[in-house]
Number of protein chains: 2
Amino acid sequence: MYELILAHIARHVTLAPAEREKFCAALQHKKLRRRQYLLQEGDICRYDHFVIKGGLRQYEVDDEGRENVMQFGFEDWWISDWYSMLTNTPTAYNIEALEDTEVLQIERVKLEQLFLEIPALERYFRIIILHAFVALQRRVLFMQKSSAERYAEFLTRYAHVEQRVSQQHVASYLGITRETLSRLKSRKL
Amino acid sequence: MYELILAHIARHVTLAPAEREKFCAALQHKKLRRRQYLLQEGDICRYDHFVIKGGLRQYEVDDEGRENVMQFGFEDWWISDWYSMLTNTPTAYNIEALEDTEVLQIERVKLEQLFLEIPALERYFRIIILHAFVALQRRVLFMQKSSAERYAEFLTRYAHVEQRVSQQHVASYLGITRETLSRLKSRKL
DNA sequence: ACAAACCTGTGATGTTTGTTAAAAAAAAGT
DNA sequence: ACTTTTTTTTAACAAACATCACAGGTTTGT
């Protein structure tokens with residue numbers, strides 16, 4: 001059960017066996033059925049979640065009732081609302097399972113305790129947040145481009161994701177309507 | 001010279017006096033005239049920069065020759081290209097002084113050494129990157145909204161920045177043309 | 001296997017925003 | 001102070017994209 005997450009950590013830092021055990025002991029295993037929510041608007045987010053099986057989408061619903069996908073989460077991804085965790089305020093996001101899904105979750109408070117005991121763990125989180133930050137910067141720049149270019153970029157970067165999520169969710173992630181995405185696809189062929 | 005940066009660190013973590021000194025000793029002071037570049041496309045970014053006076057803009061030039069502003073940096077902000085730093089590859093960004101500016105810079109290699117010696121420093125960077133990440137998520141969601149809403153949001157969040165940068169740079173940050181922004185402003189009055 | 005729910009494709013139409021160009025205004029440098 | 005350079009404003013036009021509506025497919029749960 002812990003192979004995926006330990007391998008992911010090992011890609012960035014080295015933990016002693018005892019540290020690995022301590023970390024794994026803090027993890028909780030959670031299973032979700034398709035359509036089930038890991039987090040709902042209004043909840044306070046207390047956990048960071050690492051996906052070991054299946055897939056999720058994180059989205060917010062805006063004033064006009066539109067769903068805007070912030071990110072997807074498949075195997076090997078962390079997903080949660082850091083803003084809600086940092087500020088202890090209700091989240092604006094929903095995180096919904098797109099398929100039957102399994103995650104390992106760790107409580108924020110527990111994680112912060114572990115950071116004090118295991119500096120390499122804090123380093124790991126610094127590094128993955130940095131990677132996520134860089135990826136988001138890239139996304140911001142891509143939002144300036146035409147919908148065709150955004151979709152092309154999405155295909156090259158997240159080909160495997162495109163296979164697993166519905167077109168409407170891809171459109172929402174790209175910030176275009178499903179109609180526009182549908183037309184884009186037919187135009188190209 | 002170090003008050004600003006030490007105060008900023010103290011807002012998030014506590015450093016022992018010896019740690020503070022060690023950190024400050026690793027900093028270099030750098031002055032820039034208006035229009036001077038701190039980083040140019042093609043350079044490899046080796047430093048993280050903390051602004052203590054003045055202001056900068058970080059932008060990339062896309063295939064069509066358009067300048068897209070990634071972020072501004074005024075007093076109390078860190079600015080650099082983490083992607084270039086992480087991968088040791090040439091940056092796609094330019095960082096240009098908008099006014100006469102002073103920064104404190106720290107070499108990436110030196111910083112990583114310090115992380116090993118001063119865990120609280122690594123914590124500080126984890127936290128500020130997390131904050132930057134959360135702010136970027138918010139920006140991604142705002143990119144879905146109309147240009148009027150984006151500008152309104154910008155005004156409420158960055159009123160002080162709006163005072164100090166030209167309208168065309170605000171427009172570029174918002175992902176709209178300067179003409180559109182100009183029209184927005186006149187419409188409102 | 002079948003009904004219900006959900007997702008995708010397509011056309012007609014409207015709105016927003018970009019484009020081009022030129023004039024007015026403001027700011028910077030000497 | 002004054003010239004040069006840069007920035008902002010405005011207008012007419014074009015393009016990209018959203019919206020609305022509905023038909024045809026596909027998936028899902030029972």
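Predicted model: local features only at pLDDT ≥ 70, side-chain atom pairs only at ≥ 80, totals over all residues.
Q: Which element gives the most to the surface near DNA strand D?
A: DNA strand D is surrounded by 17 residues, the closest being Ser146(A), Thr180(A), Gln167(B), Gln168(B) and Ser182(B). Two or more residues come from each of helix H6 (147-157) and helix H9 (178-188) of chain A, and from each of helix H8 (167-174) and helix H9 (178-188) of chain B. With 6 residues, the element that gives the most is H9(B).

Q: How many residues of the surface near DNA strand D are charged?
A: When the residues of this surface are divided by class, 2 are nonpolar and 9 are polar. The remaining class, the charged residues, has 6.

Q: Which element gives the most to the surface near DNA strand C?
A: Around DNA strand C there are 17 residues, and the closest are Gln167(A), Ser182(A), Ser186(A), Ser146(B) and Thr180(B). At least two residues each are supplied by H8 and H9 of chain A and by helix H6 (147-157) and H9 of chain B. By class this surface has 2 nonpolar, 9 polar and 6 charged residues. The element that gives the most, with 6 residues, is H9(A).

Q: Why is one side of S2 and of S5 in chain A left without a neighbour in the sheet?
A: In chain A, 4 strands form an open sheet with antiparallel pairing, in the order S2-S7-S4-S5. Strand S2 (37-39) and strand S5 (67-74) stand at the edges of this sheet, so one side of each is left without a neighbour, because each has a single partner strand.

Q: Which residue of S5(A) is the bridge partner of Tyr59(A)?
A: Strand S4 (residues 55-61) of chain A runs antiparallel to S5(A), and 7 bridges join the two. Helix H8 (residues 167-174) of chain A lies across both S4 and S5, running at about 110° to S5(A). The partner of Tyr59(A) in S5(A) is Val69(A).

Q: Which residues have the most contacts inside the largest nonpolar core?
A: The largest nonpolar core has 82 residues. Leaving aside residues up to four places away in sequence, Phe133(A) touches Trp82(B), Ile129(B), Ala132(B), Phe133(B) and Leu136(B). The residues with the most contacts inside the core are Phe133(A) and Phe133(B).

Note on methods. Residues numbered from 1 in each chain as written. Chains lettered and ligands numbered in written order. Pairing = 2+ DSSP bridges. Contact = placed C-beta atoms within 7 Å. Axes fitted to C-alpha atoms, helices over the stretch in contact; angles between N-to-C directions. Near = placed C-beta within 6 Å. Nonpolar A, V, L, I, M, F, W, Y, C, P; charged D, E, K, R; others polar. Core = buried A, V, L, I, M, F, W, Y, C linked by C-beta atoms within 7 Å. Buried ≥ 20, exposed ≤ 12 C-beta atoms within 10 Å, placed from the backbone.
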